[in-house]
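Dear colleague,

Please find below the structure that I would like to hand over to you.

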Amino acid sequence: MDFSFQDLSGTFSVADIAIAMSLSFVLSAMIGWVYRATHRNVSYSQSYVQTLVILGMLISLIMLVVGSNIARAFALVGALSVVRFRNAIKETRDVGFIFLVMGVGMAVGTRFYLLAVVAAVAISLIIMIMSRFNWFQLNVRRQVVKVQVPSDEDYTHAVQDVLVRYTDEFELVSMESIRAGALTELMYTVRIKKGSEPADLIAGLRERNHGQSVTVLTGYDQSDL
């Protein structure tokens, strides 16, 4: 009995379908495990990792459907273009994992099984090594300073004079109007000078902002800001 399927894109058997679905699941699950093992921030999402596995299998299925038929490929692109995703990607590395499972799924779906396995294992090992040894880490400890000043005058220069005195470098990150426009909140990232303490910086800023709120958040890496 012949269990192969003949269509415009070629022939694939039940064995091809089983291999593609099984292999794409195993490799996508492995990539999902690598993502979980190397994730360091608080934005971890179980739903996102499960989506990675589903996406890898789905891309494999799509490649089986498309095959070498160019017309079908364009029709599929048009059909998928109506889909809108409104969930923002929290980290740039999340985009990399999406493309990784897509690439593996495409390789499996086009029956480049060895390529899919080698690529998935090699890239996963590289990710694990980079995470284990903190490659490309910029070891600069910074603080976040939030200063509230009255909105009736420009206090930016007064605040920056204090920052020059107590920090090696600083950068204005945001400026926000609060309390119905009565106050302006300035947020800076700074690197406090050796010999200076956050309390000294707070005291200096409170002298310039007429006793309004001053907050210094310590212990941030530059890569987290």
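Predicted model: local features only at pLDDT ≥ 70, side-chain atom pairs only at ≥ 80, totals over all residues.

Residues are numbered from 1 along each chain as its sequence is written, and side-chain values use heavy atoms, with hydrogens and water left out.

**Overall architecture**

The protein contains 7 helices and 6 strands; helices (H or I, at least four residues) and strands (E, at least two) are DSSP runs, numbered from the N terminus. Their order along the sequence is β-β-α-α-α-α-α-β-α-β-β-α-β. Of the 225 residues, 33% are buried, where buried means under 20% relative accessible area, exposed over 50%, and partly exposed in between (1.4 Å probe, protein chains only). The exposed surface comes to about 14,100 Å², and carbon and sulfur atoms supply 62% of it; the areas come from the Shrake-Rupley method with a 1.4 Å probe, and for residues only the protein chains shown count as cover. Taking contacts (heavy atoms within 4.5 Å) between residues at least 6 apart in sequence, 73% join residues at least 24 apart.

**Annotated transmembrane regions**

An unreviewed UniProt entry places the feature "transmembrane region" at residues 12-35, 47-71 and 112-133. UniProt positions are given in the numbering used here, feature names are shortened, and annotations may be inferred rather than shown by experiment. In the model, residues 12-35 are 92% helix and 4% strand, with 32 Å between the end C-alpha atoms. Residues 112-133 are 91% helix and 0% strand, and their end C-alpha atoms also lie 32 Å apart.

**Helix α2**

Helix α2 covers residues 46-66; its 21 residues reach 30 Å from the first C-alpha to the last, close to the 30 Å expected at 1.5 Å a residue. The expected span is 1.5 Å times one less than the number of residues. The buried residues of α2 include Tyr 48, Leu 52, Gly 56, Ile 59 and Met 63. Gly 67 follows α2 and has a positive phi, near 60°.

Helix α5 (residues 113-132) has 20 residues and reaches 28 Å from its first C-alpha to its last, close to the 28 Å expected. Ala 116, Ala 120, Ser 124, Ile 127 and Ser 131 are buried in α5. Seen down the axis of α5, these buried residues fall within an arc of 60°, so they line one face of the helix; the arc is that of the directions from the helix axis to the C-beta atoms. They pack against α1 (14-38) and α4 (92-109). On the other side of α5, Leu 114, Leu 115, Leu 125 and Arg 132 are exposed.

Arg 111, in the loop between α4 and α5, is a residue other than glycine with a positive phi, near 70°. Arg 111 counts as partly exposed because its relative accessibility is 36%. Asn 134, in the loop between α5 and β3 (141-150), has a positive phi of about 55° although it is not a glycine. At 30% relative accessibility, Asn 134 is likewise partly exposed.

**Aromatic pairs**

Rings of Phe, Tyr and Trp (its six-membered ring) pair if their centres lie within 6.5 Å; planes under 30 degrees apart count as stacked, over 60 as edge-to-face and the rest as tilted. By this rule there are 5 aromatic pairs. Tyr 35 and Phe 97 form one that is edge-to-face, at 5.0 Å centre to centre with 85° between the planes. This pair links distant parts of the chain, with Tyr 35 in helix α1 and Phe 97 in helix α4, 62 residues apart. Tyr 35 is buried at 1% relative accessibility, and Phe 97 is buried at 4%. Tyr 35, Tyr 44, Tyr 48 and Phe 97 form one aromatic cluster.

**Thr 167**

Thr 167 belongs to strand β4 (residues 167-178) and, at 3% relative accessibility, counts as buried. Thr 167 and Ile 192 are 25 residues apart in sequence, yet 4.1 Å apart in space, C-alpha to C-alpha. Leaving out residues up to four places away in sequence, Thr 167 touches Val 190, Arg 191, Ile 192 and Lys 193.

With kind regards
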